[in-house]
Amino acid sequence: LFKVATECSVVLCCRVAPLQKAGIVALIKNRTDDMTLAIGDGANDVSMIQMADVGVGINGQEGGQAVMASDFSMGQFRFLVPLLLVHGHWNYQRMGYMILYNFYKNATFVLVLFWYVLYTSFTLTTAITEWSSLLYTVLYTSLPTIVVGILDKDLSKSTLLAYPKLYGSGQRNEKYNLNLFVLNMLEALWQSLVVFYIPYFAYRQSTIGMSSLGDLWALASVIVVNMQLAMDIIRWNWIIHVFVWGTIAATVICLFVIDSIWVLPGYGAIYHIMGQGLFWLLLLIIVVTAMVPHFAIKAFSEHFVPSDIQIGREIEKFEALNQVNHSEIPMRTFS
Amino acid sequence: MNSGDAAGSSSGGSGDAGAPRRASRKPKYSKFTQQELPACKPILTPKWVISVFLLVGVIFVPIGVASLLASNKVVEIVDRYDDACVPSNVTNKLAYIQNSTISKTCRRTLKVPKDMKQPIFVYYQLNNFYQNHRRYVKSRNDQQLRDASKANETTLCDPEKTRDGMAIVPCGLIAWSTFNDTYTFQHNTNNLSIDKTDISWKSDRDHKFGSDVFPKNFQKGPLIGGKTLNESIPLSEQEDLIVWMRTAALPTFRKLYGRIYVDLKENDTITVTLDNNYNTYSFDGKKSLVLSTSTWLGGKNDFLGLAYLTVGGLCFFLAFAFTLLYLIKPRKLGDNNYLSWNRNSAGH
C-alpha cells in the first residue's frame, strides 16, 4: 500500500473512518522522514489532526472540535495556501537563520576568550571585563537577533504566492543543513582569530593594560557580530535599523558606564584607550578584515550559483511586479 | 507561530463577513502586524561588490602607508640587561639576586641611532611575566587602596593579606611584586634628569588610590617580592605602584618609568646606571630598558601599517578577480529563466 501510494502524486481515499484517516497519516509519517500536515473540519478529523506533524483545523460548519485539537486554525480551506507558502516559508527561513546565527555569535565570542587563555599561561583570565561578558548575550547581541527573527522576510507575499515552487527551498533543507552549519563555524573561527590577533600583534610590546585591551576586544566582537547580521538581513525596515545600530550604541554606552565604576579594576580604561588613534584604526581594520570572507562568499554564491530564493529577490527588485501577478500554476491567490 | 495564528484569526474574521450584517471581527489593519512595513531590500549587484572592494582598497592603502611612515619615524633603543648585569662568575643567578648584601649596580652604555626629539619615554620591558595570571589579577583590594577607613579589607589578597595579625596596606600579590629596578642616566658625561611625575593615569591618582592611605606593614615578610614603599608618601603619589597595578594584558609588556625632556642627537652616548634588583631569574623572564619617541600612532609598530597594506591589497585583488568573473560569466539579474524548474526544463 505504501509503495503504491508514494508512486502517485495524488491519492483519494473515500468512505474512511476516523481511525483509518489517522492510519493513513501514520503510514507516511512512520516510513519516511517527511513532514505531514493534516487539515480537517469535523470531529471525525481529530485523530488525523493529532497524528500528523502539523494539524490544521477549520473553524466552521461542523463545530469546534477540530479547532481545539489542532496547531493552527483557520476559517476556510483555501487559507491553507498562504499558511504554507507564505508563513510556513517565512518561519522556516527565519528559524533556520536564527539558530545558525545564535551558534555563530556565541562561538565567536567564546573563541576570542579562548585564544586569550593561551597567553595567560592557561589560567582562565577573562579577556573581556566580567560585566561585559555577562552583558554580551543579554544586551549586546540579543535584541537584534530577536527583531530580525521576527521581522525579516526573504521574499514578499506576492512573489511567494506567484511562484509556489519556491516553497521547495524548505523541503530541500536549503536554509538549515550541515554545510551551512560548518560554514558558520568556520566564519566564527576566522572572525575570532581576526578580533583577537590583530590587537595582539599591534599591542604586543606596549604598555596596554588588560582592561583597555579587553574593552577593544569586547567592542570589536560586538561590532563584527552585528555587521555579520547586518549583511544577512534581507529587508531593512526602520525597526531593524533602530535595533541593530542602537545595540552597537548601547554597547558603547555600557562600556563607558562599566569603566566609570571605581570599584572595578577597569576604571577609566575606555577613556584612555579611546583617546588613542591606534584604537580606532584597529577597530576599522578588525571589522573590515573579519567581514571580507563573508562578503566575498556571499557575493560569489549569490551571483554565480544563485538559489531560487535569490532569483526571487532579484525579480522583486528589478522587474515590475505586474508581470508576475499571474502565477505559473493557476491557483486562486488569496488577496 | 505568531504570524500563523494572526493570519488564521484574521482569516476567520473575514470569512464571517459574508454572513448578513455582523460586526467584522477582523483585527485592525496595521503595517506592523501585517508585516508590510516599508523597507529597503539591498541586493549585491556586481556594481556594488566591485565598488565596495575598491573603496576598501582605496581607503586602506594610504592608511597603511601613513602608518608605516609614522612607525619608521619612531626611534627606539631596546637594551636587554638581565643577563649582562649578572657578573660572569655567578653560577646560581637566583641566589645572587636574592642576596641583599651584594651590590647590584650595573652600568650599561647605549648609543643613539638617530636623532630623538623630546619627550623621550623611558620604559622597562618584561618578557615572560604573566601579569594576566588569574590568581594574580584578583589579588588586590580596591576598597583598601582608596579609603583609609577600609584598611582592614583584605579579602582576595591571599597570600599577602596580613602580617603578624595586622593587615598589609596595600595588600595582594600585585602590590607585593612591584618592579624595583632603578635607572639613572648620563648623556655624554652630563647628568640627564628623568621626570617621574605624571607617569600614571590621572583617573587612577584621583579616584582609585587614596591621598590619605599610607603603606603599612608592607614587604615585612621573609620573601621580598619587589619594591618597598616609603611609608610617609600616600598611595596616590606612589606613581610606580600605580603604574604597576594597572595589570598588563600580555606576557611581554612595557611600563612607563619616566620621561626625558632633552633632545638626543645621533651617535650620542647614554650611560645608564641601574640597580638590578628585580628577580626574573627564577622563571626565565627577561628585563630590558627601552627609550623611545612616540608619534600619533604610539610607539614603534610596523604591524598596523603592514596589516592595512595587506588588507587593502587583498581587496584590490578581489575587486579585480570579481570583475574578471563578472565579465566571463555574466548573468542577467531577476530573470525567471534561472529559476531551477525553468532551468532544468530548458536543459532537456
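Reader: Is the link of B:Cys85 and B:Cys106 left-handed or right-handed, and what angle about the S-S bond makes it so?

Author: The angle about the S-S bond is -75°, and the link of B:Cys85 and B:Cys106 is left-handed. This is a predicted model, in which local features need pLDDT of at least 70, side-chain atom pairs count only at pLDDT 80 or more, and totals for chains, interfaces and linings use all residues. Residues are numbered from 1 along each chain as its sequence is written, chains are lettered from A and ligands numbered from 1 in the order in which they are written, and side-chain values use heavy atoms, with hydrogens and water left out.

Reader: What makes B:Cys85 and B:Cys106 a disulfide?

Author: A disulfide is a pair of cysteine sulfur atoms within 2.5 Å. The S to S distance of B:Cys85 and B:Cys106 is 1.9 Å, and they are joined. B:Cys85 sits in the loop between strand S1 (76-80) and helix H3 (93-98) of chain B, and B:Cys106 in strand S2 (residues 105-111), so the pair ties together parts 21 residues apart in sequence. Helices (H or I, at least four residues) and strands (E, at least two) are DSSP runs, numbered from the N terminus.

Reader: How many disulfides are there over all chains?

Author: The search of the whole structure finds 2. B:Cys157 is joined to B:Cys171, also with S to S 1.9 Å, and with 45° about the S-S bond that link is right-handed. In chain B the disulfides follow the pattern 1-2, 3-4, with bonded cysteines counted along the chain. A:Cys8 is in no disulfide, for the nearest cysteine sulfur, that of A:Cys13, is 10 Å away.

Reader: Why is B:Cys157 called buried, and why is A:Cys8 called partly exposed?

Author: Buried means under 20% relative accessible area, exposed over 50%, and partly exposed in between (1.4 Å probe, protein chains only). B:Cys157 has 0%, so it is buried. A:Cys8, at 38%, therefore counts as partly exposed. B:Cys171 is buried at 1%, and B:Cys40 is partly exposed at 42%.

Reader: Which contacts does the side chain of B:Lys208 make with B:Asp142 and with the backbone oxygen of A:Trp262?

Author: A polar contact is a pair of N or O atoms within 3.5 Å; within protein, one must be able to donate a hydrogen and the other to accept it, and residues adjacent in sequence count only if both atoms are side-chain atoms. The side chains of B:Lys208 and B:Asp142 are joined by a polar contact of 3.0 Å. The backbone oxygen of A:Trp262 lies 3.1 Å from a polar atom of the B:Lys208 side chain. B:Lys208 is in helix H7 (residues 202-208) of chain B and, at 3% relative accessibility, counts as buried.

Reader: What makes H11(A) largely enclosed by the rest of the structure?

Author: Of the 23 residues of H11(A), 21 are buried, so H11(A) is largely enclosed.
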